[in-house]
Amino acid sequence: MKERILRGIPVNGDFGYGEIKIYYPELPVIERKEILSDEIEKELERFEEAIFLSKEDFEKIYQKVRDEMGKDIAEFIKIQIAFLTDETIIEETRDFIKKEKVPAEYAYSEIIKRYYQNLASKGHSVFIDKSLEIFDVCLYVIEKLTNYEKRFSLFQPTEKCLIFGKSLSPMNMAILDKNYILGIALEMGGKTSHISIMAKAKEIPTVVGVENLLHFSNNVKKAIIDGNRGMVILNPTEKRLKFYEKEKEEITKRKKMIIAQKEKEAKTKDGKYIDISANIEFIYEAVIAKENGAKGIGLFRTEYLFLSKKDLPSEEEQYQLYKEVAEKMKPYFVIIRTFDLGGDKIIPGYFESNPFLGWRGIRFCLSNLNFFKTQLRAILRASQTKNIKIMLPMVTNIDEIIKTKQLLNELKEELKKENIDFDENIELGVMIETPSAVLLSDVFGKLCNFFSIGSNDLTQYTLACDRGNEKISYLFSHYHPAVLRLIKETIKNGHKNGIWVGLCGELASEPFGIIILLGMGIDELSMAPQFIPYAKELISFLDIDFCKEIAEKVVNFSTVNEVIRYLKKRVKKEGIFLEKYSYV
C-alpha cells in the first residue's frame, strides 16, 4: 500500500511511530438461540463465573494503575468495577435468561444494549462517550462467555502502539499508560478540548479532527502521528522514517538541554520576573510539575473527583487530596479551581441541549449548596498548609462572588467553633472566561485577590465557537483581535485594582502568546508541566519593550491572519527563531 498523509489539528508536539490499534468499542452480534429448561441453571452459573472472573481482572488492573499512576486515577477503574457488579444489571440478565430461555452471552448483550441506547439517545457527545465506556467493561464479560476474539483494551495494553479512534472520553484518557501509547489520532475533537488538554499533560503525540481517519486506516498496520504538524502518515516510506528518526534525535537532545535548565528563573533580558506555574488534574502531575521547574500550580482541576466516583466525593476524601498536592508543592502556591462541572464534564443524570451555555461551573455549585460547601470546607481545612488559593470558574456576575464569600465566611466560623485549623487569609480568585466577566472585571477586581484568564473558554465564548468541534476549528484562534483586546482589558483592570493577573489557558504555553502576554503585563502563566522549561528559555531571550511594542500593535489589527503575519515578520526581524519552541 502507498503512503497516505491525513491532516488534522495538532495537539501535542513530538511524533510517534508504531502499529495501529483501532479503539472503537462495540458489542459483537450474538445470534439468539433457544436453550432447554434444564440448561438454564448452567447458563446462570456461566454468567456468575464470567462476572466473577472479569471483576478479578479489573481488581488487578485497579491495583496496577494505583501503584503506577496513583490512587486518584485508579478511582476510574473502581467506576468500571461498580458497573460490572451492578445488582440491577445482573438481576435483569438473570431474569432474561430464565424468561427467554437464551444463553448468558445473548441475555447480557441485550441488557447492556438497553443501557447503551438510553445514554446514546440523549444525543450529546458526552453521553455517547459515557455509553461507549459501558462497552469497555462489558466486552470483558462477553469474552469470558464466548470465543469472541479479544479486542484491543485501553485497560490492559500489552504492547506499544498508536491509538486510532473516533473519540476518547476523560476516563479513557485518565487511564492511558504513556509507556505503551506512542500516539493518538482521533476523528473528533479540537485543540483545546478536555481530551486534548489531557493528552498534552501525558505528553502523548496527538492529532485530532482527522476526517475519515478510520476509513483510510482500514487494513493499514503502521503509521506516524506527527503532533507538531498535525499529520497522520499511513504506511510511511523508509525515507519518511529516516527523516523522523533524525528529527527525534534532535528533539531528544534539545529536551535534555532544556530540562537541565529547568531551575532557572523565568526572567526577561531586562530583569522582569514572571511566575510560571502548572495546570494539573491528578496528584502525580504535581510531582512532574515540580520536576519541570514549576513555581506553583496555577490551575488544579478537581472535576475528576466527581467523574471518577459512583457517589459524591466526601469532605474527608477531598481534604486528603488537596492537602497532599499542597504539601508536594511547598513552598509554592496551589490554586484549586472549584468544581467546573457541566460543558464537556458531564453532570450524571442531567441533560441539557446546550451544556456550554448552561448549568456549569459556579452556577451549578451555587445551586447545590451542600455539595459546594463540602468542597469549600475541604479546601479550607487543607489550607492549613498556608499555600492554597481558591478560584471560581465561569463567574459572570457580581452576586456569584458575593455569595461565595458569604459561604466562605460561614464555613470559617464553623471551623473555628470546631477548633479546626485553616488559613484565615486564604485568597479568593476569579476565572475570567466570558466577555461579560471582562466587561465587569473593573468591579470584580474590588471583590477578589486575583484573576486567572481562561483563554480557551474566553476564546470560545467570544467567537461563539465550540472549542471541541473539529468542524469549526478553523474559526477558533486565541489570536483573534477581539480575544486579544479582552485579555488586555482584563490585565489592565486587575492591575488598576492592585491584584495580580494570570492566564491558565493554552495560550500561556504558545510562543507568540507568551510574547503578547508579557507585553500586556501578565504576572503569571500556567501551562502543562512539560512546556515550562521551554517557556522559561524563551522568556530569557525577550525584553519587555519589544513585547510591549508587539502587544500594542496586535490589538489594532482586524483579522487573525494579520496578527499572525505581523508576529512572524516582527519576531524574525528581531532574530528570535521560534522554530525551536514549536512544542505545541
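Leaving aside its neighbours within four places in sequence, with which residues is Pro103 in contact? Pro103 is in contact with Lys33, Ile35 and Glu43, where contact means heavy atoms within 4.5 Å. This is a predicted model, in which local features need pLDDT of at least 70 and side-chain atom pairs count only at pLDDT 80 or more, while totals for chains, interfaces and linings use all residues. Residues are numbered from 1 along each chain as its sequence is written, and side-chain values use heavy atoms, with hydrogens and water left out.

- Pro103 is found in the loop between helix H3 (87-100) and helix H4 (104-120); helices (H or I, at least four residues) and strands (E, at least two) are DSSP runs, numbered from the N terminus.
- Pro103 counts as buried, at 10% relative accessibility; buried means under 20% relative accessible area, exposed over 50%, and partly exposed in between (1.4 Å probe, protein chains only).
- Between Pro103 and Ile204 there are 101 residues in sequence and 42 Å in space, C-alpha to C-alpha.

**The open sheet**

- An open sheet with mixed pairing is formed by 8 strands, in the order S1-S8-S7-S3-S4-S5-S6-S2; two strands pair if DSSP finds at least two bridges between them.
- Strand S1 (4-7) and strand S2 (9-12) stand at the edges with a single partner strand each, so one side of each is left without a neighbour in the sheet.
- On average, neighbouring strands of this sheet are turned by 30° against each other, direction ignored; the axes are lines fitted to C-alpha atoms, for helices over the stretch in contact, and angles run from 0 to 180 degrees between N-to-C directions.
- Strand S3 (residues 15-23) and strand S4 (residues 161-165) run parallel and are joined by 4 bridges.
- Tyr23 has Gly165 as its bridge partner in S4.

**Nonpolar cores**

- In the largest nonpolar core, which has 162 residues, Tyr108, Tyr322, Ile487, Leu518, Leu525 and Val554 touch the most other members; a nonpolar core is a set of buried Ala, Val, Leu, Ile, Met, Phe, Trp, Tyr and Cys residues joined through side-chain atoms within 4.5 Å.
- Helix H1 (residues 40-69) gives the most to this core, with 10 residues.
- A second, separate core of 14 residues includes Leu6, Leu162, Val232 and Leu234.
- Not counting residues up to four places away in sequence, Leu525 touches several residues, among them Ile274, Ile276, Leu503 and Leu518.

**Aromatic pairs**

- There are 13 aromatic pairs in the structure; rings of Phe, Tyr and Trp (its six-membered ring) pair if their centres lie within 6.5 Å, and planes under 30 degrees apart count as stacked, over 60 as edge-to-face and the rest as tilted.
- Phe282 and Tyr284 form a stacked pair, with 6.4 Å centre to centre and 10° between the planes.
- Phe282 is buried, with a relative accessible area of 3%, whereas Tyr284 counts as partly exposed at 22% relative accessibility.
- The pair of Phe300 and Tyr322 is edge-to-face, because the ring centres are 6.2 Å apart and the planes stand at 90°.
- Phe300 lies in strand S10 (residues 296-300) and Tyr322 in helix H12 (residues 315-329), so this pair ties together parts that are 22 residues apart in sequence.
- Phe300 and Tyr322 are both buried.

**Enclosed elements**

- In S10, 5 of the 5 residues are buried, so this strand is largely enclosed by the rest of the structure.
- S9 and S10 run parallel and are joined by 3 bridges; Ala278 has Ile297 as its bridge partner in S10.
- Helix H21 (residues 532-540) is largely enclosed by the rest of the structure, because 9 of its 9 residues are buried.
- The buried residues of H21 pack against helix H9 (238-259), strand S9 (275-280), helix H20 (511-520) and strand S16 (524-527).

**Two further buried residues**

- Thr434 is placed in the loop between strand S13 (427-432) and helix H16 (435-439) and is buried, with a relative accessible area of 7%.
- The side chains of Thr434 and Ser436 are joined by a polar contact of 3.0 Å; a polar contact is a pair of N or O atoms within 3.5 Å, and within protein one must be able to donate a hydrogen and the other to accept it, while residues adjacent in sequence count only if both atoms are side-chain atoms.
- Ile453 lies in strand S14 (residues 450-453) and is buried, with a relative accessible area of 0%.
- Ile453 and Cys504 are 51 residues apart in sequence and 6.2 Å apart in space, C-alpha to C-alpha.
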